[in-house]
Amino acid sequence: MSLSNLRGMIPSWAGAVKAIVRQMVGECELVRHCRAGDDAVLMQFMLQYYPFVQVFPECIAGGQRQFRKELIPVIRRLDETSAGMFRQVYRSIRDEEREHHDLWVKDSKTLEIMQSDLEREETQPLISKIIELTSAGAGGPVTWLVRLVGVEMIAQVFSELCREDQRFRDAIGQCWFLAHVGHESDDSLTHEQCLFAFASAACGKAMRRETAEAVIVSLTRLFIAVGDSCVATASDAAVYA
């Protein structure tokens with residue numbers, strides 16, 4: 001199966017779902033404060049989301065272990081080239097997410113947040129829920145793969161929206177954010193696109209837009225709710241400062 005055929009497995013409505021994510025993220029308070037270079041909110045963002053960034057590579061590994069039996073037949077139905085890409089994408093995502101953790105730590109230091117500060121951060125219940133869902137959570141392998149698509153979408157649109165404003169670029173290191181933008185091309189597939197293609201293959205039939213959209217929108221709401229917590233915590237700290 002050629003790259004174009006694999007690209008053809010991506011649902012035609014994938015871009016429309018991503019546009020919904022972009023609108024949701026773009027309207028949230030966290031983005032407004034981050035774009036303005038609000039140091040207090042940026043610090044809370046780096047602290048509160050860190051527990052997820054820290055364990056996300058293991059979330060991917062956990063989902064693979066749980067759904068191994070269901071995914072092996074899917075891989076076998078693919079031709080050799082596509083099956084190889086399937087395995088390579090998983091390895092690549094795990095490796096890159098480990099690198100992204102290091103970039104997160106590096107960017108945090110520009111706000112004078114040390115790794116020890118990050119590691120002391122208590123995991124919020126909403127973050128625990130996101131970790132649970134991206135480790136596998138309710139549903140089968142298709143739902144899990146679509147959740148991973150959602151994580152990739154959220155990270156990209158958040159990074160793009162924040163980086164549009166010079167105040168944000170001046171306020172914090174850009175390593176983690178740059179790692180999530182500018183990867184789309186005609187000669188390759190992004191992790192998001194590959195995961196959507198494999199989710200479609202695992203579905204075994206035409207994937208329903210409303211089902212995938214509901215999964216991704218639900219995950220996006222969780223991320224936005226954590227963002228609201230970041231803004232509220234920063235505001236409370238300012239009141240009592």
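Residues are numbered from 1 along each chain as its sequence is written, and side-chain values rest on heavy atoms, with hydrogens and water left out. Because the model is predicted, local features need pLDDT of at least 70 and side-chain atom pairs count only at pLDDT 80 or more, while totals for chains, interfaces and linings use all residues.

Helices here are DSSP runs of H or I with at least four residues, numbered from the N terminus. Helix α2 covers residues 14–26, which is 13 residues. The expected span of a helix is 1.5 Å times one less than its number of residues.

Which residues of α2 are buried? A residue is called buried at under 20% relative accessible area, exposed at over 50%, and partly exposed in between (1.4 Å probe, protein chains only). The buried residues of α2 are A14, V17, K18, V21, M24 and V25. Seen down the helix axis, these residues fall within an arc of 120° (taken from the directions from the axis to the C-beta atoms), so they line one face of α2.

Side chains of opposite charge can pair when their charged atoms come close. A salt bridge is counted when a side-chain nitrogen of Lys or Arg lies within 4 Å of a carboxyl oxygen of Asp or Glu, and the model has eleven salt bridges by this rule. One of them joins K18 to E192, with 2.9 Å from N to O. Since K18 belongs to α2 and E192 to helix α13 (residues 191–203), the pair ties together parts that are 174 residues apart in sequence. Both partners are buried: E192 has a relative accessibility of 9%, and K18 has 11%.

Another salt bridge sits within a single helix. D117 and R120 pair at 2.6 Å, N to O, and both belong to helix α8 (residues 115–120), where they are three residues apart, about one turn of the helix. An α-helix has 3.6 residues a turn, so residues three or four places apart point the same way. D117 is partly exposed at 25%, whereas R120 is exposed at 61%.

R208 and E210 also form a salt bridge, their closest N and O atoms being 2.4 Å apart. Here E210 is partly exposed at 46% and R208 is exposed at 52%. Finally, a network of salt bridges links E58, D95 and R98.

Note on methods
Helices (H or I, at least four residues) and strands (E, at least two) are DSSP runs, numbered from the N terminus.
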